[in-house]
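Work through the exercises below with the sequence and the coordinates open. Each one sets a task and then gives a solution in steps.

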Amino acid sequence: MLKLRKSIIEGIRNVAQIEELHGFIQNAIELEHATIPVYLTGLFSIKHGTNIDARNIVLSVVVEEMLHMSIASNLLNAVGGKPAINQPNFVPTFPGPLPMDVGEDRNLVATLAPLTKKQIHDVFMAIEEPEHPLAIPVKLFSSPEQAALLDNDSSTNSEMLSNSTQEFSTIGQFYHEIFLKLEALNKEQNIFTGDPKKQLVNTQWFPQDELFAITNIEQAKRAIDIIVDQGEGTSISPVDAQNKPAHYYRFGEILYGKRLVVDKSAKEGWAYAGEPVELDASNILNLKQNAKATDYPEGSVARRYADQTNFTYSSLLNALHETFNGNPANIDAAMGLMYELRLQVQKMVTINLGPNEQGIDEVAAPPFQFVTVNV
Amino acid sequence: MSYLNNVHMVFSGRFQSDVSTVNNEVTHFDNETFEPRFQEYGNENGWWNPCGSGAFRLIDCRVTQVGYANGATTSDKKEDPVIGMLIGGSNEQTSAKMVDLDPQMQLVSEIWGLTMRLTDGKTPHFFEGKFLPAPFRDISFTRIENSAGDIGASAIYQSVLEDLTWVDTDSSPFLQELKALSEKVGKLSVRMMVYGYNMTHSDPEFTLGQVSGVIGPALENEPDTFISGRRFAPANGNVIAQSINFFNAKVNTYYPSVKAMKGDVGGQEDNASELPSHSLNVDFSNALPLINSQGVFANLGQLQLVVLTQDFGEETMVLSPKFFVPVGDPIAYLQHDWLKQTGGLVSIPISEGLLPTLNSGPLALLRVSPTPEGIAPLIPQEGASASLPNNTILIRETQEGVLVRSDNVVHRLNPATQSQATFYASQYGIPTSLDIEITLQPRSQGTSGGPRAPFINHPASAIQFTKSLSIPATGNAVFTFEVTDPKNPRGYIDGQLFFLSYTPVGYADYAQYQYDFIASLVFDTFEVPDSPTWADVKDFMTQYGNLYPVMSRMLVDLSDYDSVVKFRALLELAFTLPQRDPNFMPVTRDLSAGKRQTIIKWLTEKDANGNYVLARGPKNVPAPEKAATETCNSCEIDDDLPTVDSVTAQTKTTAQQSHSLKGQNLTSDSSTPVGSKTVAHARFINSKKAQKGK
């Protein structure tokens with residue numbers, strides 16, 4: 001489980017006015033967003049029409065992160081806050097820590113890198129790891145490499161458990177503390193004073209039972225539960241209420257190369273023993289890692305695409321900012337920008353940069369930097 | 001007043017026009033004969049950018065100069081903080097789009113969905129407005145004489161920015177003047193001269209070009225998309241021997257108090273004791289030949305604007321000074337970075353004394369010095385020496401200073417509808433009454449497809465209009481025409497094109513830009529079924545799937561039922577947006593209202609349980625399994641692609657293919673001077689490349 005400094009939890013506990021809680025919910029929005037460039041980079045590294053299962057798994061998680069970002073924004077609006085999405089510091093620096101230094105406890109470095117088992121294990125699953133990961137057996141290893149990774153994994157787990165000190169708390173706890181504070185403040189007086197018109201409720205893009213208006217404490221609880229359950233599952237099951245594996249276990253399917261299925265013979269009742277989930281490394285593009293626009297020579301086609309994707313990505317954040325600041329219908333403009341960004345990146349990753357320092361050919365990759373002008 | 005006056009802002013930078021090129025060939029619209037290779041890069045296939053997205057973008061466009069009502073200009077940031085700021089597209093919407101009218105009319109391509117803003121990168125916009133879609137005008141295919149680039153063309157986009165919003169103009173004297181002038185009408189006038197477009201797939205600058213922009217006030221009773229003023233016109237209606245193109249000038253009036261400046265319409269002096277001042281403003285940006293795509297002008301010698309006191313024609317030499325009155329100083333067009341700094345604009349103060357002369361005689365551009373060394377003689381005629389005599393009229397104003405143009409060039413019309421075009425008429429820049437004749441152009445085959453192309457401009461019965469229009473003394477009149485179902489005369493492609501020409505009555509020598517016309521795409525009638533099925537939409541959706549691989553091979557294959565169903569919500573959104581939204585589908589804006597309603601109905605119909613029906617067809621037979629979409633090679637950015645196969649191929653590519661600065665069709669229209677110039681130019685470029693061993 002990624003953890004954050006206990007001081008943040010204490011900060012939430014010390015909140016006396018709802019306004020003081022706004023910053024913490026803003027942090028939640030930033031955290032949910034921060035994972036998106038990481039996962040998208042993995043997704044874009046998959047060659048067109050290949051690794052379909054792996055692609056669908058990563059895509060499904062990205063979409064849920066977008067949902068979580070929207071839920072957190074609805075929550076902030078519900079209690080009279082103003083989501084700030086169009087800021088340079090809204091976007092993490094890659095490689096680097098996640099917002100609130102989440103994962104500092106285990107030196108997590110979020111990176112923009114191609115989809116490899118190592119990236120899934122070291123970054124994707126590290127980001128999504130539940131507080132107490134279920135020890136789900138992997139049946140029928142297809143390679144010793146996978147077995148080795150699992151071994152590492154268990155060692156990490158045990159190390160983690162022992163590392164569970166007073167200094168750090170979990171993301172689940174973070175959300176839980178936010179909820180407790182909302183509940184406490186709401187008992188004193190109604191804190192759901194935000195304009196309901198600011199709530200994003202758009203059944204075109206998300207099901208109504210996942211993205212709904214938050215106008216009272218019950219809805220706030222339901223909303224927070226969705227974020228936590230979809231991300232981490234529950235302490236007793238790897239699947240969420242819709243029977244979908246939580247993100248951590250979904251990524252596990254790619255890592256272990258098997259679908260997660262019910263297995264009564266396993267202690268936890270589940271095993272990675274279903275249909276194969278292939279990750280064919282020969283169909284993964286070697287995207288330049290943690291690229292910045294300035295890493296590409298001025299005047300090169302890669303630089304133009306880097307600058308353009310940065311501008312489109314930033315326009316998308318601007319559009320989302322407007323969406324969550326009084327104009328929910330603007331989500332449609334944001335959707336248009338998402339697809340424009342996707343098409344640009346699909347072309348960008350065909351730019352061969354030649355061999356890197358290790359002598360391996362690299363292709364261009366989007367930097368995900370916030371810019372204000374198209375230059 | 002428009003952008004062409006003393007109060008203006010110049011910006012320079014680059015533009016991107018990522019047009020797709022599979023649709024450059026009208027025969028590619030035929031689903032029956034469409035071949036997969038038409039989606040691949042290459043001559044006779046999908047041409048030079050089959051995977052284009054249609055995006056139009058402004059990139060790194062910086063304000064280089066501003067001008068004030070008193071005629072002063074500055075390029076110094078300390079004097080006006082807008083210097084160095086950027087004019088950009090929207091930073092919260094998808095890119096604008098470049099849109100052809102039709103594969104058989106690729107010479108009135110419009111910019112749709114463009115929002116323009118002034119920003120310093122911190123304040124998102126000091127002003128922002130929406131560009132009224134407008135086609136390029138006054139295209140010249142022989143603009144860059146000695147370019148190593150692929151395209152030597154340039155053209156002008158002129159339109160207005162609507163729905164203006166202003167934020168904080170306090171710090172800029174220029175913005176205060178501009179805002180004060182624009183407040184009443186709520187629009188700004190904008191000109192973008194685009195040139196130096198790069199069509200070489202393997203070049204980092206591929207699909208990019210240069211833009212020289214100007215923004216100024218827009219006043220009431222003015223056309224939105226051209227200058228109602230003084231027009232310099234090549235006598236042959238095309239381009240003079242030394243590649244000087246059509247260009248425009250305007251006499252402007254300013255009143256003593258800047259805030260009271262009313263321009264030239266309905267102005268009232270605030271202070272009657274002071275006289276108004278005047279300027280002649282001339283736009284050379286699209287006029288004079290360039291030697292490269294950096295905007296450096298060819299040396300044509302010393303050029304001087306004059307008013308002719310007698311009616312001499314273009315190419316007149318050794319003109320005695322008694323027959324002209326000089327206006328202003330020689331044009332400074334050879335100064336370093338003149339185009340980038342000034343936008344090619346010249347402002348000349350006009351005294352009260354000169355005004356009557358200016359308002360009653362034709363303007364001309366005179367070469368007053370001998371031909372510079374190394375420049376070809378202007379007119380190789382008998383007895384002329386290599387060094388041309390002084391005082392040669394290079395180009396002059398239209399016959400008797402007459403100008404008549406329509407503000408509304410492009411029309412996309414559903415059957416049984418009316419449309420309107422506003423005509424403006426003036427003489428020596430002053431509104432005038434004028435009769436014009438309007439005629440339907442003869443049957444022809446348009447700008448692509450060669451001899452296989454369907455005929456356009458028929459049946460004539462599908463467009464009804466009066467053949468003459470009297471413009472009253474106010475200088476403008478609305479022309480209304482009606483269209484009916486053309487009944488699918490082109491077969492595999494919807495609707496029909498109708499081009500209406502217009503000419504002023506009584507001016508036999510009136511020189512007119514070839515595409516000053518009214519171009520209408522009239523859709524076929526399409527009955528919307530009560531319960532549409534995939535069978536009802538499949539044909540036209542397949543056409544889009546064929547023509548736009550950027551969508552069909554990278555996102556949603558519109559010819560494939562399952563793919564369309566998967567993206568149902570996104571398609572519903574795109575097909576229901578307002579036409580001016582940059583996300584509007586189809587990008588090409590060539591879907592009739594009937595077909596649009598049908599697809600929307602099909603996409604949105606729900607059953608009793610609230611589930612989308614998405615009916616397959618009368619028998620609900622599942623479609624045959626389609627192979628997974630293959631990687632789109634043509635979308636890949638590959639510097640190993642061959643650029644030019646042969647002289648012929650290159651000629652055809654340049655000549656036939658379209659983008660913002662399109663080439664004329666070679667086969668169907670090879671008799672036009674523009675087309676032949678393009679061919680000659682392409683051959684020249686190709687021979688250069690061959691020399692370089694490319």
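**Conventions**

This is a predicted model, in which local features need pLDDT of at least 70, side-chain atom pairs count only at pLDDT 80 or more, and totals for chains, interfaces and linings use all residues. Residues are numbered from 1 along each chain as its sequence is written, chains are lettered from A and ligands numbered from 1 in the order in which they are written, and side-chain values use heavy atoms, leaving out hydrogens and water.

**Exercise 1. Describe the geometry and the surroundings of helix α4 of chain B.**

Step 1. Helices here are DSSP runs of H or I with at least four residues, strands are runs of E with at least two, and both are numbered from the N terminus. Helix α4 of chain B covers residues 534-547, which is 14 residues.

Step 2. The expected span is 1.5 Å times one less than the number of residues. From first to last C-alpha, α4(B) reaches 19 Å, close to the expected 20 Å.

Step 3. The bend at a residue is the angle between axes fitted to the seven residues ending there and the seven starting there. In α4(B) a kink of about 35° is centred on B:F540.

Step 4. Buried means under 20% relative accessible area, exposed over 50%, and partly exposed in between (1.4 Å probe, protein chains only). Of the 14 residues of α4(B), 10 are buried, so the helix is largely enclosed by the rest of the structure. B:F540 is one of the buried residues, which also include B:W534, B:M541 and B:Y544.

Step 5. The buried residues of α4(B) pack against α5 (549-552), α6 (561-566), α7 (568-576) and α8 (593-604) of chain B.

**Exercise 2. Characterise the boundary between domain 1 and domain 2 of chain A.**

Step 1. Domain bounds come from an automatic or database domain assignment. For chain A they give domain 1 (3-283) and domain 2 (293-363), with centres, taken over C-alpha atoms, 23 Å apart.

Step 2. With contact meaning heavy atoms within 4.5 Å, 24 residues of domain 1 of chain A touch 18 residues of domain 2 of chain A.

Step 3. Buried area is the accessible area (1.4 Å probe) that two parts lose on being put together, summed over both. These two domains of chain A bury about 1,700 Å², with 69% from carbon and sulfur atoms. On the domain 1 side, A:F44, A:L200 and A:W205 lose the most area, together 34% of what that side buries.

Step 4. A salt bridge is a side-chain nitrogen of Lys or Arg within 4 Å of a carboxyl oxygen of Asp or Glu. The count between the two domains of chain A is 0 salt bridges.

**Exercise 3. Characterise the interface of chain B and chain A.**

Step 1. The contact takes 42 residues from chain B and 33 residues from chain A.

Step 2. About 3,000 Å² is buried between the chains, 57% of it on carbon and sulfur atoms. B:E92, B:M554 and B:I637 supply 22% of the area that chain B buries against chain A, more than any other three residues.

Step 3. The rule finds 2 salt bridges across the interface. A:K347 and B:D18 form a salt bridge, at 3.7 Å from N to O.

**Exercise 4. Is A:P276 buried or exposed, and what does it contact?**

Step 1. A:P276 lies in strand β4 (residues 270-276) of chain A. Its relative accessible area is 53%, so A:P276 is exposed.

Step 2. Leaving aside neighbours within four places in sequence, A:P276 is in contact with A:D53, A:G257 and A:K258. A:D53 is 223 residues away in sequence and 9.0 Å away in space, C-alpha to C-alpha.
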